[in-house]
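Work through the exercises below with the structure open beside you. Try each task before reading its solution.

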Amino acid sequence: MKKIELQNRLATILILSLAALAALIAGGLVGYLLASGLPHVSWQFLTGSTKSFASGGGIFDQLFNSFYLVVLTLLVAVPLALLAAIYLSEYAKQGPVTTGLRLAIEVLSSLPSIVIGLFGYLIFVLQWRLDFSLLAGAMALTILNLPLLTRACEDALRQVPQLQRQAGLGLGMPKWRVTTKLVLPAALPGIITGAVLSAGRIFGEAAALIYTAGQSTIAVDYANWNPFAPTSFLNPLRPAETLAVHIWKVNTEGLVPDAAAVSSGAAAVLIITILIFNLAARGLGKLLARWLSR
Amino acid sequence: MTQSPAITVNQVAVAYDSKPVVSDVSLAFPAKQITALIGASGSGKSTLLRCLNRMNDGVATVSGEITFHGVNINAPQVNVYRVRQQIGMVFQQPTPFPLSIYENVIYGLRLRGVKDRSLLDQRVEESLKQAALWEEVKDLLKASAQALSGGQQQRLCIARTLATRPEIILLDEPTSALDPLSTNQIEATLSQLKKDYTIIIVTHNMQQASRISDWTAYFEQGKLVEFNQTAQLFINPKEERTANYLSGKFG
Ligand SMILES: Nc1ncnc2c1ncn2[C@@H]1O[C@H](COP(=O)(O)OP(=O)(O)OP(=O)(O)O)[C@@H](O)[C@H]1O
Ligand SMILES: [Mg+2]
């Protein structure tokens with residue numbers, strides 16, 4: 001065998017075995033969490049509420065809080081990220097301002113989430129007097145997700161062929177209309193994919209929430225649809241422990257006798273939900289792309 | 001030439017950042033004729049073409065005068081959207097929007113707020129007929145434009161440009177991405193269109209320029225070398241540089 005062929009084969013084997021190792025670690029971890037958690041997941045577990053001291057508590061409130069927080073965060077984060085991305089991809093000229101903005105986004109994306117959580121605690125919770133609340137949590141998570149979301153949106157916008165923009169301008173469309181009517185619809189699948197992936201990250205986040213959305217849940221009324229009522233489940237100003245925070249809390253200071261079961265069951269639910277988010281991100285993006293290009 | 005020009009450029013110069021790419025071009029484009037812009041790659045043909053409907057705005061600095069109906073459309077206060085509706089552009093690659101054929105054709109009209117259904121229907125038929133596409137697509141107007149072949153898409157783009165009733169149509173290598181058959185169809189279309197429109201076309205294909213154009217302008221390194229009736233320029237060029245270029249091209 002020639003030397004170069006041998007090298008090629010060795011490199012391939014090395015790459016394949018490293019990839020297999022990575023897949024094994026990830027797969028093993030997920031498999032372990034599911035295997036140890038799923039037996040504790042039951043309908044009652046999913047729909048029951050937490051107990052303070054007795055065993056047999058559920059995670060319904062936390063599950064709802066997590067989903068609601070995803071919605072609230074995306075409501076704030078997606079418009080912000082989209083505007084930033086539109087500026088960066090459609091309007092920004094090469095220069096110090098753009099470079100500075102990109103640098104800021106880079107830096108933001110490497111901040112540890114606990115730092116963002118503490119920042120949120122100081123600014124949103126204390127200074128702005130939002131107290132421990134869904135809103136404070138949503139804003140902290142917005143900061144956390146803005147860099148990735150902005151980049152996802154910018155990539156999606158840049159994927160749209162330059163010629164489409166030219167064609168629009170050539171027909172006498174003002175630039176903002178080219179952006180909203182031609183570029184944005186074409187970029188929508190990519191944007192949705194980015195948003196759904198962010199949703200997964202939000203769902204799994206704990207550190208940024210411990211000091212912003214809080215670690216406790218008040219008794220809420222799921223029949224009260226008025227978001228301004230203090231006990232309404234939709235009130236964004238109420239404290240809300242999410243599923244990820246719940247797992248952390250049960251593990252550190254859980255007083256219930258079945259703390260281990262609750263924690264591993266909740267972890268399994270968390271993983272499955274994030275998995276669904278990721279699959280949905282792909283499916284939805286593809287579906288939308290196909291529907292838009294009919 | 002007896003007819004008055006459709007559009008005139010006077011001492012036009014273009015620079016990207018501070019790099020000059022077109023300098024001191026003066027040229028009167030005859031109305032209702034086809035003018036071909038030829039020259040080596042990078043000689044500034046596209047750049048000059050894009051000046052004619054202000055597509056260089058925000059991309060390059062254009063100085064000099066471009067006169068259209070007695071107005072200098074290169075002046076900053078000119079409404080560029082109006083200019084682009086009157087001077088349409090077709091690009092190197094087909095650029096259909098992800099919409100139906102019908103919606104593609106009337107895109108420019110919708111933009112202007114035209115809602116009258118019968119007017120829209122009529123424009124669609126007219127424009128597609130002018131672009132020699134009507135017979136092929138009249139039964140699938142509601143179908144996606146992206147399902148058409150490349151040549152059909154390019155004729156659709158011509159129809160889309162025609163639908164806003166421009167006076168001048170600018171085409172930048174409109175057939176360079178197409179097969180010979182589609183190219184022939186587009187050329188036939190353009191020859192038909194010159195009855196009603198002024199056509200300015202950039203092309204790398206000398207045969208194409210000699211086949212369809214009435215006038216030809218030869219560019220070299222951002223400068224206009226020679227402008228004459230196509231037959232004259234091809235058979236009996238006045239400038240040696242033109243002759244060299246043509247002999248190199250025809251081999
Ligand atoms: N957006 C741009 N920014 C900077 N320089 C550019 C830009 N577009 C074109 N140029 C430069 O301007 C010069 C002329 O380009 P232009 O596209 O007008 O040439 P062309 O004659 O159309 O060439 P081709 O036949 O290859 O299309 C080239 O040197 C090119 O590198
Ligand atoms: Mg060109």
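**Exercise 1.** Which residues of helix 7 (residues 162-170) of chain A are buried?

*Solution.* Keep in mind that this is a predicted model. Step 1: find helix 7 in chain A, residues 162-170. Step 2: apply the cut-off, under 20% relative accessible area. Step 3: list what passes. The buried residues are A:Gln164, A:Arg165, A:Gln166, A:Ala167, A:Gly168 and A:Gly170. Step 4: look just past the end of the helix. There A:Gly172 takes a positive phi of about 90°.

**Exercise 2.** Describe chain A as a whole.

*Solution.* Step 1: count the secondary structure. Chain A has 10 helices and 0 strands. Step 2: take the extent. A box of roughly 70 × 65 × 40 Å along the principal axes holds the C-alpha atoms of chain A. Step 3: check burial. Chain A has 294 residues, and 42% of them count as buried. Chain A has an accessible surface of about 15700 Å², with 71% belonging to carbon and sulfur atoms. Step 5: look at the contacts in chain A between residues at least 6 apart in sequence. Of these, 74% join residues at least 24 apart.

**Exercise 3.** Is B:Met89 buried or exposed, and which residues does B:Met89 contact?

*Solution.* B:Met89 sits in strand 6 (residues 87-90) of chain B. Step 2: read its accessibility. B:Met89 counts as buried because its relative accessibility is 6%, and the cut-off is under 20%. Step 3: list the contacts, leaving aside neighbours within four places in sequence. They are A:Gly170, B:Leu49, B:Arg50, B:Asn53, B:Met55, B:Thr161 and B:Leu170. A:Gly170 is also one of the buried residues of helix 7 of chain A. Step 4: check one pair. B:Met89 and B:Leu49 are 40 residues apart along the chain, yet 9.2 Å separates their C-alpha atoms.

**Exercise 4.** Explain why B:Glu187 counts as buried, then find what B:Glu187 touches.

*Solution.* Step 1: locate B:Glu187 in helix 8 (residues 180-193) of chain B. Step 2: compare with the cut-off of under 20%. B:Glu187 has 5% relative accessibility, so it counts as buried. Step 3: set aside residues up to four places away in sequence. B:Glu187 then touches B:Gln208, B:Arg211 and B:Ile212.

**Exercise 5.** How much area is buried between chain B and chain A?

*Solution.* Interface size is often given as the accessible area lost when the parts come together. Step 2: read the value. About 1700 Å² is buried between chain B and chain A, and carbon and sulfur atoms give 62% of it. Step 3: find the main contributors in chain B. B:Phe97, B:Tyr107 and B:Leu111 lose the most area to chain A, together 30% of what that side buries. Step 4: count the residues in the contact. Chain B gives 20 and chain A gives 18.

**Exercise 6.** What surrounds ligand 1?

*Solution.* Step 1: count the shell. It has 14 residues, and the closest are B:Ser41, B:Gly42, B:Ser46, B:Thr47 and B:His204. Step 2: sort them. The shell divides into 4 nonpolar, 7 polar and 3 charged residues. Helix 1 of chain B does, with 3 residues. Step 4: read the distances from oxygen atoms of ligand 1 to side-chain N or O atoms.

- B:Lys45: 2.8 Å
- B:Thr47: 2.4 Å

A polar side-chain atom of B:Ser46 lies 2.6 Å from an oxygen atom of ligand 1. Ligand 1 on its own has 630 Å² of accessible area, and the protein covers 62% of it.

Notes
Residues numbered from 1 in each chain as written. Chains lettered and ligands numbered in written order. Predicted model: local features only at pLDDT ≥ 70, side-chain atom pairs only at ≥ 80, totals over all residues. Heavy atoms only, no water. Near = heavy atom within 4 Å. Polar contact = N/O pair within 3.5 Å; in protein donor to acceptor, adjacent residues only side chain to side chain. Areas by Shrake-Rupley, 256 points an atom, 1.4 Å probe, with all protein chains shown as cover. Helix = DSSP H or I, 4+ residues; strand = E, 2+ residues; numbered from the N terminus. Nonpolar A, V, L, I, M, F, W, Y, C, P; charged D, E, K, R; others polar. Buried < 20%, exposed > 50% of the residue type's maximum accessible area, 1.4 Å probe, protein only. Contact = heavy atoms within 4.5 Å. Buried area = accessible area lost by both parts, 1.4 Å probe.
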